[in-house]
Amino acid sequence: MQDNPEFNTPDFNCPLPLHSTDHILMGHGGGGKLMQQLIEGLFLPNFNNPLLNQRHDSTVINLGDTRIAFTTDSYVIQPLFFPGGDIGSLAVNGTVNDLAMGGSRPSYLSVGLIIEEGFPIATLEKIIQSMQAAADHAKVQIVTGDTKVIDKVINRNHEKSHGSSLFINTAGIGIVEHKMTLAPRSIQIGDVILLNGDLGRHGMAIMALREGLQFDSPIVSDCAPLAEPILALLEQGIPIHCLRDLTRGGLASAAIELAEAANVEIELTDDAIPVHDTVRGACEILGLDPIYVANEGRFIAIVPPDTVEAALSILHQFFPQQACVIGQVRSKAPNIDRGYVTIRNSLGVKRILTLLTGDPLPRIC
Amino acid sequence: MKYLDEYRNASAIQQYAQAIADITTQPWTIMEICGGQTHTILKFGLEQLLPTHLTIIHGPGCPVCVTAIETIEQALWLAAQPPVIFCSFGDMLRVPGYDRDLLTLKAQGGDVRTVYSPLDAVKIAQANPDREVVFFAVGFETTAPATALAVHLAQQQQLTNFSMLVAHVLVPPAMEQLLAAQNCQIQGFLAAGHVCTVMGYGEYETIASRYRVPIVVTGFEPLDIMQGIYHCVQQLEAGTAQVENQYARSVQPQGNLTAQSFMQQVFEVCDRSWRGLGTIPNSGLRLKPSYAQFDTAQRFALPTGKPPSDTLENVQENVNDNANSTCISGLILQGLRKPYQCSVFGTKCTPEHPLGAPMVSSEGACAAYYHYQSLTHSHPSTSS
Ligand code: SF4
């Protein structure tokens, strides 16, 4: 037998000093670790104030005797139309849901449109009508807005694009009608994690469309307003400790953020997490994990254990057979000094979930 | 998905875990060669179900992390040329060269596009006759037939704006290299099922008898892997060294002859440099001279060798700071150490800031341990 003297010599080591990037990458918007670094390293230290530092989907502000929730979000999705929705309905539902996650009644929205020169007015009309339909459905009013038209995007070959870009920003105000604090700091050891439906539809619907993946039945986005079920829970006295919608980064990223903020262990049960067969199949093909894939109509509610049954029966009125328990809050291991999420699989094996570095990338084989 | 569920059935997996424990009478060390299997083992926590004296070590079977840094540098150079549309599989985008990766280059203005098949790159070339379309052909025997097909199609369509940076690698020569090393600890192999689906397992029979090592062709689901380990331990305990096929639902002894003939038509075997392992004789595929017009080297003056001196200095500094003294990737890729035995695992070395190849793609051993850590192996970053 021969030794290979070259193993682990300087020539054979693999130095990969990837310096921190000095440009924004797509991954900075992916809801994973890069985005967390941007928020913690740039936005929070500069915008620093107690309301922002709560880092919730929407901020609850006291205005005299009234408590309002306030939020904003921008939508840059391509393609503009997808099974189950379009950029317009997404822009309304997304902001409605951020307001709902603060436990508020979504009431007023603003709309900012950034439209590329050359964009077809007929397409814009369809999107605007879709926004109004979504607003009617969610019982909110679009009360102010703004329009900007930008020059055609010029690429590096000095070619102009085809005028197909549209970006929408929505901001919203909701009224908080209760005295509770729905926030990570209200999470208690022993609380139970409820999920309202199956995961991964929105992300995989978009990805299937972009990549031309064909399935027997197309994957339809779960894009939907979530205020009604949440207000029903609150009105019927469920003392919700925290809510989070599962958008970019999916269930895993949302749970990690909450566990870190609350300094607890969130233990998820793999088998209990519903994923539709077609979504699971698409994820397998692309090497993605459904718990990291984006949703637009899914949320987790963290509630005290003695309210689980009541909460589920309310949720089942809105999501028949779908709402379920997927995990529990535990006190964390003493040797780990930051909150974390674990997932227990059907073999009884428990592992820690980590944030993705950037956007999930499909693997080769 | 029913098909898959069958291979993720908890009680069947636990039965195999018990069966393995029942037949294991002494310590054994088995290597799974393929990054996909590493991923499954870590994701499902299979190691935790095995007897403690059975050691599973992880091989260099991640095509993303074994691609040589010089090749990545060529990819980065190509992607920075204005006429080029650079097409790559998604998981190559994060693999760093000396100071940047394809994602960074894309942010700096490079036209880098993710494709799911080399045929997509051919379509992009058809649709953009005034641009140069380059496909980054990486991967093991599994992805090579599709690359060959793409070359074939490009030739049929007489495309003059399509070429490939070919970096395909072959598994059996790497297995031989590992077995030939004096400090080799590998007593049995799980061979990569997907590779054998294409190539069959004739070559493995020669390796099994030459090195007296049992080799079980194994699939990628948790039950596949437990069955593969079971058959391997059975042979080790009986003192036999044969090739067995656990993955018969997909693998024929002779492999897929159509795929092989496509590959033979287009490629020839060459020596290839592997990141972390050095040059392994006959371990790569390159385009045959008759397809030279689709070779990027024929169309571009590709940079070769080391980076310019100023970058090199930086690199050397970093090598001294980080890699020489700390990164033990050579040992990891040979299965001589586990990732959590590296002193910078999860602290200085993370997926955002990888110091070595195995931390780069999700199928690299260090990244797999990082993403799928158990509480017992929890790394310091969770407590930072
Ligand atoms: S953890 Fe990082 S530094 Fe350590 S061996 Fe793996 S790649 Fe190298």
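**Exercise 1. What percentage of the 365 residues of chain A count as buried?**

Solution. The model is a predicted one, in which local features need pLDDT of at least 70 and side-chain atom pairs count only at pLDDT 80 or more, while totals for chains, interfaces and linings use all residues. Residues are numbered from 1 along each chain as its sequence is written, chains are lettered from A and ligands numbered from 1 in the order in which they are written, and side-chain values use heavy atoms, with hydrogens and water left out.

Step 1: take the cut-offs, by which buried means under 20% relative accessible area, exposed over 50%, and partly exposed in between, with a 1.4 Å probe and protein chains only. Step 2: apply them to chain A, where 54% of the 365 residues are buried.

**Exercise 2. Describe the secondary structure and contact range of chain A.**

Solution. Step 1: helices (H or I, at least four residues) and strands (E, at least two) are DSSP runs numbered from the N terminus, and chain A has 9 helices and 14 strands. Step 2: with contact meaning heavy atoms within 4.5 Å, 82% of the contacts in chain A between residues at least 6 apart in sequence join residues at least 24 apart.

**Exercise 3. In which order do the strands of the open sheet of 4 strands in chain B stand?**

Solution. Step 1: two strands pair if DSSP finds at least two bridges between them. Step 2: the order is β4-β3-β5-β6 of chain B, with parallel pairing. Step 3: β4 (111–114) and β6 (162–168) of chain B are the edge strands, each having a single partner strand, so one side of each has no neighbour in the sheet. Neighbouring strands of this sheet are turned by 20° against each other on average, direction ignored. Step 4: for one pairing in detail, β3 (residues 84–88) of chain B runs parallel to β4(B) and is joined to it by 4 bridges, and F86(B) has V112(B) in β4(B) as its bridge partner.

**Exercise 4. Which strands and helix make a right-handed β-α-β unit in chain B?**

Solution. Step 1: a crossover is right-handed if, with the strands pointing away from the viewer, the path from the first strand over the helix to the second runs clockwise. Step 2: the unit consists of β1(B), helix α3 (residues 35–43) of chain B and β2(B). Step 3: β1 (residues 28–32) of chain B is joined to β2(B) by 5 bridges and the two run parallel, with M31(B) opposite I57(B) in β2(B). Step 4: in β2 (residues 54–58) of chain B, 4 of the 5 residues are buried, so this strand is largely enclosed by the rest of the structure.

**Exercise 5. Identify backbone exceptions in both chains.**

Solution. Step 1: most residues other than glycine have a negative phi, and most peptide bonds are trans. Step 2: Q78(A) and P79(A) are joined by a cis peptide bond with omega about -5°, and P79(A) lies in the loop between β2 (66–75) and β3 (81–82) of chain A. Step 3: K139(A), not a glycine, has a positive phi of about 60° and is exposed at a relative accessible area of 61%. Step 4: R212(B) has a positive phi near 55° and is exposed at 56% relative accessibility.

Methods
Axes fitted to C-alpha atoms, helices over the stretch in contact; angles between N-to-C directions.
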